[in-house]
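Please look over the model shown here before reading on. The briefing is arranged by topic, so that each part can be checked against the structure.

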Amino acid sequence: MVEKLEIVVAADLDNGIGKDNALPWRIPGDMKFFQSLTSATTGGGKNAIIVGRKTWESIPEKRRPLKDRLNVILTKNAAITAPEGVLVCNSLEKALKALQGIAHERCFIIGGAQIYKEALQHPLLTTIHLTRIMQEFDCDAHFPPIDDRFALQAVSDTMKENDIEYRFQRYEKKSAL
Ligand SMILES: NC(=O)c1ccc[n+]([C@@H]2O[C@H](COP(=O)([O-])OP(=O)(O)OC[C@H]3O[C@@H](n4cnc5c(N)ncnc54)[C@H](OP(=O)(O)O)[C@@H]3O)[C@@H](O)[C@H]2O)c1
């Protein structure tokens, strides 16, 4: 059963998250963080990731489905097919319902912009894991502003890779604290 939803996102100072259906930056440390956060479990089971169809298609074929995680694609297009073991659902509610019947630990919303927008309003959303990229890139996809329903609970040191500074931040919904 899905008890809470967590968003994982990397956004620049203008909340930009993507350009031409790709990430505008290359930050291996953030990729590692994403992989470790979304894969780690305490009970030896799997976490679920929910991904929009466009972001799914942006993942190189050899790297999808994301390994060791239960992959769920959202699309309204009934013709979309997916590899064995990957769920395809035509709404977020249907995805959550399908996940009720499949053992998993945590449930991460991994984008893109359309999926984040909907998930931010979902009552089960408690946590936003935001990698803040400390500069502005040319983006055509954006994360909505984080409003005052959320409180910043943790911030890492600032790191630098490929001349790009970034830090990890964790927001929690105040009503869930
Ligand atoms: N920086 C980051 O952390 C990060 C993370 C992920 C993605 N991104 C970026 O975000 C951009 C993509 O975002 P996007 O908004 O264009 O696309 P997206 O959210 O990945 O996918 C949109 C598609 O998802 C499906 N969809 C959306 N809402 C749905 C719903 N409620 N029920 C069922 N299906 C639904 C639709 O697919 P159909 O058209 O097939 O119906 C829609 O066209 C890319 O640039 C990507 O690189 C960035």
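The model is predicted, and residues are numbered from 1 along each chain. Its largest pocket has a volume of about 1300 Å³, and strand 11, which spans residues 164–173, is mostly covered.

**The largest pocket**

- The pocket, at about 1300 Å³, is lined by 46 residues, of which Thr55, Ser58, Ile110, Gly111 and Gly112 are the closest to its centre.
- Several elements each supply at least two residues of this lining, among them strand 1 (5–11), strand 2 (16–18), helix 2 (53–58), strand 4 (69–74) and helix 4 (113–120).
- Helix 1, which covers residues 28–39, provides the largest share of the lining, with six residues.
- By residue type, the lining divides into 21 nonpolar, 13 polar and 12 charged residues.

**Strand 11 and its partners**

- Seven of the 10 residues of strand 11 are buried.
- Strand 7, residues 125–133, pairs with strand 11 in the antiparallel sense over seven bridges, and threonine 127 has glutamate 172 of strand 11 as its bridge partner.
- Strand 9, which runs over residues 150–155, is also paired with strand 11 in the antiparallel sense, here over five bridges, with alanine 154 standing opposite arginine 170.
- Strand 10, residues 159–161, runs antiparallel to strand 11 and is joined to it by three bridges, and in this pairing methionine 159 stands opposite tyrosine 166.
- Strand 10 and strand 11 form a hairpin with two residues between them, and asparagine 162 in the turn has a positive phi of about 50°.

**Glutamine 169 and leucine 152**

- Glutamine 169 lies in strand 11 and counts as buried because its relative accessibility is 11%, under the 20% cut-off.
- Beyond its neighbours within four places in sequence, glutamine 169 is in contact with Ile128, His129, Leu130, Arg132, Leu152, Ala154 and Val155.
- Leucine 152 belongs to strand 9, and its relative accessibility of 42% falls between 20% and 50%, so leucine 152 counts as partly exposed.
- Leaving aside neighbours within four places in sequence, the contacts of leucine 152 are Gln169, Arg170 and Tyr171.
- Although leucine 152 and glutamine 169 are 17 residues apart in sequence, their C-alpha atoms are 7.1 Å apart in space.

Methods
This is a predicted model: local features need pLDDT of at least 70, side-chain atom pairs count only at pLDDT 80 or more; totals for chains, interfaces and linings use all residues. Side-chain values use heavy atoms; hydrogens and water are left out. On a 1 Å grid over the protein atoms alone, a cavity is a set of points where a 1.4 Å probe fits but cannot get out, and a pocket is an open set with protein on both sides within 12 Å along at least five of seven lines; lining residues have an atom within 4 Å of a point. Grid points are joined across faces, edges and corners, and a volume is the space filled by probe spheres set on the points. Helices (H or I, at least four residues) and strands (E, at least two) are DSSP runs, numbered from the N terminus. Ala, Val, Leu, Ile, Met, Phe, Trp, Tyr, Cys and Pro count as nonpolar, Asp, Glu, Lys and Arg as charged, and the others, Gly among them, as polar. Buried means under 20% relative accessible area, exposed over 50%, partly exposed in between (1.4 Å probe, protein chains only). Contact means heavy atoms within 4.5 Å. Two strands pair if DSSP finds at least two bridges between them.
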